[in-house]
Amino acid sequence: MMMTEILDGRALSHKIRQQLKQRTARLRERGIVPALAVILVGTDSASQIYVRNKHRAAAEVGLATHDFKLPETTTEEELLALIAKLNVDPSIHGILVQLPLPPQIDSAKITAEIDPSKDVDGFHPLNVGQLFLNNPQSLPCTPHGIMRLLAEHQIDVAGKHAVVVGRSNIVGRPIAALLLNADATVTVTHSKTANLRELTRQADILIVAIGRAEFIKAADVKPGVVVVDVGMNRNAAGKLVGDVDFTEVEPIAEAITPVPGGVGPMTIALLLEQTVKFAER
Ligand SMILES: Nc1nc(=O)c2c([nH]1)NC[C@@H]1CN(c3ccc(C(=O)N[C@@H](CCC(=O)O)C(=O)O)cc3)C=[N+]21
């Protein structure tokens with residue numbers, strides 16, 4: 001009987017936060033309070049969960065957060081003015097603008113205006129380019145959290161076939177780059193991919209970030225696969241479920257992340273870690 005390893009993001013994020021506590025204490029001895037500015041425009045529901053959990057975790061590790069909650073009707077000019085102010089504020093080490101933004105705001109224009117050295121999300125084109133060139137400066141938190149979770153469980157990706165489902169700027173594209181930098185053989189699939197399930201069945205490592213509840217079933221994976229589920233969806237019963245049918249896939253997998261308690265808490269831990277890193281420079 002093979003036992004499936006559960007990749008527990010809650011436990012590892014706890015461990016990372018304990019280490020960060022010591023680093024923030026040392027910074028405070030030098031008179032530096034690491035500070036993160038979080039900008040939320042409107043009322044996206046995933047963003048609100050994120051803001052709430054982030055806030056709690058930041059306080060616990062001794063990191064200051066400055067929340068800017070702006071109305072749905074905020075203009076691009078207003079948001080750019082706030083970013084310009086935060087860019088030059090020496091007491092602010094990290095700036096995060098919650099995505100998605102309302103339709104009147106061009107998010108590409110916004111991410112390009114954040115000082116790359118305060119870009120805790122790693123979404124600025126300069127940081128995206130550095131990641132692609134295998135010289136990362138600031139990494140997107142969710143992909144970074146995934147790599148840390150795999151490393152913690154001694155899952156070596158070198159030489160393995162990693163299949164990514166989804167090509168978003170936040171998860172699919174950057175995790176593909178990170179896996180490639182770690183010497184995996186990477187296939188990126190998405191909503192237009194022909195015979196997608198034939199490709200997922202070939203994965204040694206399967207990363208699913210497509211935003212469809214329980215999309216990956218038992219028949220879509222091979223025995224012994226390592227599954228990372230980035231999805232966060234509400235099912236008909238109002239329960240939080242991933243993009244992977246956990247009940248079906250877990251018995252076949254060698255290792256799998258749960259939802260909740262997998263990738264989500266890791267995203268927050270790496271966001272805090274990146275902010276502390278910026279404050280230490
Ligand atoms: N610029 C930007 N960067 C982001 O990284 C970003 C964003 N915008 N916009 C929204 C999404 C969503 N997101 C979450 C991260 C963690 C949890 C999280 O803590 N999840 C927990 C708890 C879930 C719960 O409390 O129900 C878990 O999965 O176990 C949720 C949501 C980051 N995002």
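1. Two strands are said to pair if DSSP finds at least two bridges between them. With that in mind, strand β2 (residues 35-41) pairs with β4 in the parallel sense over 4 bridges, and the bridge partner of Leu36 in β4 is Gly94. Please keep in mind throughout that this is a predicted model.

2. The protein is divided into two domains, with domain 1 covering residues 31-118 and domain 2 covering residues 140-264. Taken over C-alpha atoms, the centres of domain 1 and domain 2 are separated by 28 Å.

3. For residues 140-280, the UniProt record, an unreviewed entry, gives the feature "domain: Tetrahydrofolate dehydrogenase/cyclohydrolase NAD(P)-binding". In the model this span is 35% helix and 17% strand, and its end C-alpha atoms lie 19 Å apart.

4. An open sheet of 6 strands, with parallel pairing, has the order β1-β11-β8-β7-β5-β6. Its edge strands are β1 (5-6) and β6 (185-189), each of which pairs on one side only. Within this order, strand β5 (residues 161-165) runs parallel to strand β7 (residues 205-208) and is joined to it by 4 bridges, with Val165 standing opposite Val208 in β7. In general, the strands of a sheet pair through backbone hydrogen bonds, in either a parallel or an antiparallel way.

5. Which residues come nearest to the ligand? Of the 20 residues around the ligand, these are Tyr50, Asn53, Leu99, Pro260 and Gly264. The elements that give two or more residues to this shell are α2 (45-61), β4, α6 (141-152) and α10 (263-280), and α2 gives the most, with 5 residues. By residue type the shell divides into 12 nonpolar, 7 polar and 1 charged, and it draws at least three residues from each of domain 1 and domain 2.

6. The largest nonpolar core has 77 residues, of which Ala162, Ile207, Val227 and Leu272 touch the most other members. Helix α10 gives the most to this core, with 10 residues.

Notes: Residues numbered from 1 in each chain as written. Predicted model: local features only at pLDDT ≥ 70, side-chain atom pairs only at ≥ 80, totals over all residues. UniProt positions renumbered as here; feature names shortened; annotations may be inferred. Domains from an automatic or database assignment. Near = placed C-beta within 6 Å. Nonpolar A, V, L, I, M, F, W, Y, C, P; charged D, E, K, R; others polar. Core = buried A, V, L, I, M, F, W, Y, C linked by C-beta atoms within 7 Å. Buried ≥ 20, exposed ≤ 12 C-beta atoms within 10 Å, placed from the backbone.
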